Structures are given as structure tokens and as C-alpha cells.
Amino acid sequence: MNKENRYDTWYRLDNSGKIFPEVSNHRETNVFRVAITLSEPVDKDILQLAVDGILSRYPMFKVKLKKGLFWSYFDHNSKPFFIEEMSHYICGEMNAKYNNGYLFKVMYRNSDIAVEMFHSLADGAGLIMLIKALVYEYLKLTGKEVKSDNIVPTKHQKPSMEEYEDANAKYYNSKNRKHVPEERAYRIKGTPLSDDLTGLISGIVSTNKIINLARESNLTVTEYLTALMMSVIYKTQIQYREHIPSNQKPVKIFVPVNLRKHFPSNTLRNFSNFVKASMIMIEDDITFENLKILVKEQFEKGMTKKELIRKMSENVAFEKNAFLRFTPYFLKKYALKIGYNMLGMKLNTMSLTNIGKIDFPESMQPYIVDLTAAVYSGKYNTLNLAVISYQDRFKMTFTRSIIETTIEKEFFRHFTSLGFDVEVESNYVEEY
Amino acid sequence: MRYCDKCKIEIKTNKPYCPLCQQNLSFEETKTVIEKYPEYVPPTRTLYPLTKKAMMFFTFTSIIILLVINIIDYQGQLWSVIPIGSILFFWFLVSFGILSKHNIAYKLAFLTSLLIGLLVLIDEYSFQEGWSYNYLLPLLLLSCNLAISVIILVKRIYYRDYIIYLLTILVLSLVPIILVFFGIVTIKWPAVVAFALAVSILLFIIFFFPKSIKDELKKRFHA
């Protein structure tokens with residue numbers, strides 16, 4: 001069925017998307033960003049044209065959030081979408097009041113195009129598809145000779161129904177959905193930034209070097225970074241302070257897993273789950289080597305097909321629950337909120353998102369310089385890390401809602417001590 | 001490119017210090033670079049918050065004064081609900097009806113229901129004359145029905161956003177006719193006229209736009 005340009009289209013929220021509208025606010029925004037740096041300054045009028053073109057190809061993004069009697073849903077948005085100039089806020093609240101109800105933003109500044117998205121709409125992989133299509137369209141409109149090479153979706157393809165599917169529900173297994181209770185995680189403390197500001201520090205290293213470094217320890221890059229992160233948290237926050245009760249909680253690193261790589265699906269919507277590295281760090285001397293072994297073991301255990309389906313089904317089970325399903329929305333809202341406060345947010349110390357290596361067709365590569373990914377940080381996850389790589393630029397971006405930068409400093413000093421060249425970018429939030 | 005010799009990192013900025021360790025940065029060339037991220041511009045304060053505060057203050061004090069006078073000089077009627085109700089409705093009219101960005105059909109449906117509720121309360125607690133049930137309830141619903149229908153006809157591209165509110169008001173228009181059967185409403189013609197109009201509009205939608213009404217219900221009530 002062709003859903004293009006139909007005004008009566010609407011979409012159910014996918015399973016993971018259902019929780020976010022209820023638990024998001026100006027502090028916990030559940031917004032993430034991918035920014036792309038082009039080789040020349042962005043022309044805002046052409047960018048606006050490109051976005052308009054893309055929106056007609058991806059009607060799934062041309063939506064606003066509406067409330068029904070039992071669930072909220074995405075309804076076709078007939079208002080125009082406007083791009084905006086980049087502001088200081090990183091992954092700020094997606095406020096329907098200021099954005100004609102759209103759940104994503106396209107921003108520009110000099111040669112940068114940044115796209116921020118509310119997590120209900122899509123996950124990282126969905127956003128990457130959108131940004132690829134957008135940049136392709138933009139370059140095309142500026143008169144560049146670019147080819148899509150079937151890597152980049154173009155606006156001339158027809159949307160397929162598969163792009164809209166809720167893949168979580170497809171793999172739901174009612175026999176494998178046991179809930180495993182978890183302990184609350186250690187929380188990185190610090191002086192909160194005022195006005196919901198978010199600090200951003202990214203470090204760029206060589207992709208090949210870091211892959212080799214991880215391979216030396218027989219780890220994947222994500223595993224290596226997770227182990228490093230745990231060791232840095234231990235060194236800067238916990239070591240020699242193990243007697244403090246709050247330090248006796250496990251440090252848990254939440255690592256999203258793109259399920260499209262494990263289960264066949266082409267959906268643009270949320271289809272990700274997670275693995276966690278978790279450890280109670282009360283021993284006297286925890287070395288980086290210990291942590292590498294621990295992380296590898298925990299990730300292998302968490303990434304088995306059976307475990308991934310269990311986690312998926314555990315989430316899907318709540319929306320299949322007949323009692324909750326037929327509770328009116330205004331009551332259900334509170335149930336979801338309470339559930340998420342108890343179960344969701346406080347279970348992670350921080351999140352480490354590896355979006356991975358992004359490929360562009362050869363004809364587009366000369367025009368693209370750099371990519372940046374960032375996720376929001378809030379009251380509970382005061383520090384988050386997002387990783388993205390393009391060609392030989394491996395970019396690790398920390399976002400924080402506290403002033404302190406000890407963890408970032410220690411993290412990047414690990415690389416410089418190994419002889420890496422590190423280039424740092426910051427939004428200098430501490431000045432405000 | 002500036003360089004922090006303590007962290008051993010390179011950084012492209014005009015700022016004199018390192019974002020990681022706050023140490024002074026060394027640099028060779030004096031060329032200014034464009035910062036990667038824009039500066040923070042705090043939201044500019046307008047007169048509006050102060051006006052709002054002042055109005056809030058006067059609202060609350062006047063409500064208290066009205067109540068106090070009414071209670072001191074109580075003669076069986078709570079006449080103060082008339083001015084207090086008007087003040088509260090004024091607040092809703094300004095903040096919800098004018099300043100908010102909700103769609104116009106929602107505003108109309110909501111304000112009409114609120115107005116009916118307030119007027120019924122005023123009627124009940126002041127002199128119990130029954131004008132609110134007999135005239136205002138059906139006639140307000142009738143005019144709201146007409147208004148939303150006209151809006152839908154005029155701004156047809158937004159009908160998807162409006163139709164649910166029309167349906168709500170249509171359903172509410174059954175209330176006066178039910179009250180007639182219970183004998184609460186004594187003057188019948190306004191209730192009957194409101195009901196007749198509501199049924200006609202409903203039939204019009206069902207006959208001419210059956211799909212839109214079906215889609216809307218499916219969307220709003222999916223479980």
C-alpha cells in the first residue's frame with residue numbers, strides 16, 4: 001500500500017516508543033542527535049527544500065503525537081516543518097508548542113547540519129537513515145554530482161510497509177519473557193548545570209588505531225570502551241571511597257544493541273535493545289585487565305539470541321497485558337510513569353551508545369567531513385557517551401548535566417598516554 | 001589549533017583554557033576560528049511574567065474579599081459564585097482560549113463545556129432559577145455544534161484534527177434531551193432543537209463522510 005501523501009495516515013507507537021512520551025520532560029528529554037559537518041557552509045533555503053522533499057518520502061516522520069482513549073499515536077501532521085538555527089542546547093526538550101508538533105528538529109550552523117530526534121519516533125539506526133537521505137538530497141539540490149549507490153535511500157523510492165513495522169512485536173515470545181529484577185545502579189554525582197543546559201565534550205581519534213587497540217585485547221571497540229569507562233568511573237569516583245554506602249551500588253553501563261544486526265528487519269522505528277556491563281566495585285584494586293574480561297563475558301551472555309528475545313518480550317509483555325491495555329490513557333500514563341521511575345532510569349549509571357561506522361557512497365564522501373552523535377543526559381544519567389565513526393575519524397562525545405569533567409579528562413588521558421592524537425571539541429557550557 | 005600540554009590534546013577554539021582540565025592553552029597562530037557550538041543566549045525576560053503575577057494576585061484577593069463579604073452578610077444565597085465564576089472563566093478564556101496553541105475546535109469544545117459547568121454551578125448555588133438547564137445548556141451546545149461545523153467546512157484541510165471535538169459535542173447534545181425525560185428540564189423547545197441539529201449533523205457526516213468518522217474512531221480507540 002502506498003502511504004505517501006495520504007492525510008488519513010496514522011501509526012501506532014512501537015513498543016519502546018510507548019514509554020517515552022510519558023517519562024520525558026525538560027530534564028529527561030529522551031532526545032538524541034546526529035550532526036554532520038559538510039565541506040562547505042550550509043545554505044539554509046536549500047536545506048529547507050531538502051527536508052520538505054524527504055518528509056514527503058518518509059511520511060513516518062511527518063507526524064505529531066496525539067492521545068487516544070487507550071494509547072497515544074502518531075497522526076499525520078499537516079503543518080509545515082521549519083528548520084532552525086542551532087542553539088546552545090544539546091538534545092533539549094522536544095516541545096510540541098514550538099515545533100508545530102514535530103518530533104524531530106533539523107538545525108544548521110556554518111557547515112553543520114544537526115538532526116535531533118525524540119526517541120519515540122525512531123532509534124539511532126532510523127535517524128542515520130534519515131540523515132543520509134537528507135544529506136543526499138541536500139547535495140543533489142546544491143548541484144553536486146552524487147549517486148546513491150543503494151547505500152542511501154532517495155526520495156524517488158517508494159516507502160515500503162516494512163519501514164513502519166514494530167519489529168519488537170514480531171519477535172515476541174510469550175514463553176520467554178521472564179522479568180529479571182535488577183538492583184539500582186551507582187549514580188555519578190556532581191554539581192548540576194543550571195537552566196537544563198547540557199555540556200558536550202567530544203574527542204576524535206583515529207578509527208584504525210582504536211580498532212587495532214581493541215583487537216590487541218581481543219575485544220570489540222564497544223567492549224573496550226565499556227571496560228575503559230568502568231575503569232575510569234572506578235578510578236575517579238569510587239576507589240578508596242568504597243566505604244560510602246552509595247558507592248557500594250553496582251556501576252552499570254547501558255549499551256544499546258541494534259537488533260537489525262541480529263534479527264532481519266528493515267524498520268525505521270525503534271528496534272534496539274541493550275546489554276549491560278555491571279559490577280559492584282568495592283574491591284581494593286580493580287584493574288583495567290579485570291574489567292576487560294568481565295565486560296567480554298557479560299556482553300557475550302547478554303547478546304545471545306535467547307537473551308535478546310527475552311528482553312524484547314519482557315517489554316512487549318506489558319503492552320499485551322489485557323488489564324493495562326484497556327485502562328484509559330490518562331490512568332495508564334501514571335502507571336507507566338511509576339513503572340519507569342522504579343525500573344527504568346535508576347538502573348543505569350550511564351549509557352554508552354555506539355552508532356558504529358557510517359558509510360557514504362564514494363561520490364558523496366568528498367563533501368562530508370565529520371559526523372557527531374550525542375545523547376541527552378539528565379538527572380539520573382548525568383553523563384552519557386555516544387560514539388560514531390566516519391572514515392578515520394572516531395568520535396566519542398560525552399554529554400553531561402553536571403559541571404565536573406573529571407571522567408572525560410581521565411578517559412581521554414588514557415588515549416593520550418597510549419600515544420594517540422586526540423582532538424577535542426567542547427561547547428564550553430561551564431561559562432554560563 | 002590550540003594545544004593543552006597537560007592533557008596532550010588539540011582543540012579548535014578561541015577560548016583560552018582547556019575544557020578538560022581548565023589549564024591555560026598554548027597556541028601559535030592568532031587567527032580566530034569559528035566555534036563549533038553556539039553561545040548560550042539566556043531567554044529574554046518580558047513584561048508578561050510580571051503581568052501574570054499581578055493578575056494572579058488580584059484574582060485571588062478579589063475572590064477572598066467576595067467570599068468574606070458573602071459569608072459575613074449571608075442571607076441564604078451564595079451570590080458570590082457569580083463574580084467568582086466569571087473571574088475563573090476569564091482566566092480560562094485568556095490562558096486557554098487565546099494564549100494557548102491548541103486547535104480551535106478543541107478550544108471551543110472545552111470552553112463551552114467549562115462555561116456550561118460553571119453556569120450550572122452558579123445557577124444551583126445562587127438563586128436556583130433553572131435557567132442554566134432550560135436555556136443555556138441546550139443553546140450553548142447548539143451554537144458550539146454550529147460553530148465547529150462551520151469551522152470544519154471553512155478550514156477543510158484540518159478536519160482530521162477537529163472532527164473528534166465535533167463528535168464529543170454531538171454526544172453531549174444528548175444530555176438535555178435525557179434531562180427532559182427525567183423532568184429536570186421543564187422548557188422543552190431548546191433541548192429538542194439542540195438534539196435535532198446534533199442528529200442532523202451526525203447523519204450528514206455518516207452519509208457523506210463515512211470513512212472519516214470510522215477512521216477517527218479507530219484511531220482514537222485503538223487498544
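Reply: The C-alpha centres of domain 1 of chain A and domain 2 of chain A lie 23 Å apart. Keep in mind that this model is predicted.

Me: Which residues make up the two domains of chain A?

Reply: Domain 1 of chain A covers 10-152. Domain 2 of chain A is written in two pieces, 199-362 + 373-431.

Me: How many residues does each domain of chain A give to the contact between them?

Reply: Domain 1 of chain A gives 39 residues, and domain 2 of chain A gives 33. On the domain 1 side, the elements with two or more residues are α1 (20-23), β2 (31-38) and α3 (124-141) of chain A. Of these, α3(A) gives the most, with five residues.

Me: What is the make-up of that side by class?

Reply: The side of domain 1 of chain A that touches domain 2 has 18 nonpolar, eleven polar and ten charged residues.

Me: Now chain B. What are its domains, and what separation do their centres have?

Reply: Domain 1 of chain B is 1-41 and domain 2 of chain B is 48-221. Their centres, taken over C-alpha atoms, are separated by 60 Å.

Me: How should I read the contact between the chains?

Reply: Start with the general idea. The size of an interface is often given as the accessible area lost when the parts come together. Here we count residues instead. Chain A puts in 35 residues and chain B puts in 26.

Me: Which elements of chain A supply at least two residues each to the side that touches chain B?

Reply: They are β1 (10-12), β8 (199-206), α11 (406-417) and β15 (422-426) of chain A. By class, that side of chain A has 16 nonpolar, nine polar and ten charged residues.

Me: Where does β15(A) join chain B, and in what sense, parallel or antiparallel?

Reply: β15(A) is joined to strand β2 (residues 9-11) of chain B by three bridges, and the two run parallel. One pair to find on screen is Val422(A) with Ile9(B).

Me: What lies on from β2(B)?

Reply: β2(B) pairs with β1(B) through three bridges, in the antiparallel sense. Here Ile9(B) is the bridge partner of Cys4(B).

Me: What is the strand order of the whole sheet?

Reply: The order is β10(A)-β9(A)-β11(A)-β13(A)-β14(A)-β8(A)-β15(A)-β2(B)-β1(B). This is an open sheet of nine strands with mixed pairing. Its edge strands are β10 (272-279) of chain A and β1 (2-4) of chain B, each pairing on one side only. With direction ignored, neighbouring strands are turned by 25° against each other on average.

How values were computed:
Residues are numbered from 1 along each chain as its sequence is written. Chains are lettered from A and ligands numbered from 1 in the order in which they are written. This is a predicted model: local features need pLDDT of at least 70, side-chain atom pairs count only at pLDDT 80 or more; totals for chains, interfaces and linings use all residues. Two residues are in contact if their C-beta atoms, placed from the backbone, lie within 7 Å. Helices (H or I, at least four residues) and strands (E, at least two) are DSSP runs, numbered from the N terminus. Ala, Val, Leu, Ile, Met, Phe, Trp, Tyr, Cys and Pro count as nonpolar, Asp, Glu, Lys and Arg as charged, and the others, Gly among them, as polar. Two strands pair if DSSP finds at least two bridges between them. Domain bounds come from an automatic or database domain assignment. Axes are lines fitted to C-alpha atoms, for helices over the stretch in contact, and angles run from 0 to 180 degrees between N-to-C directions.
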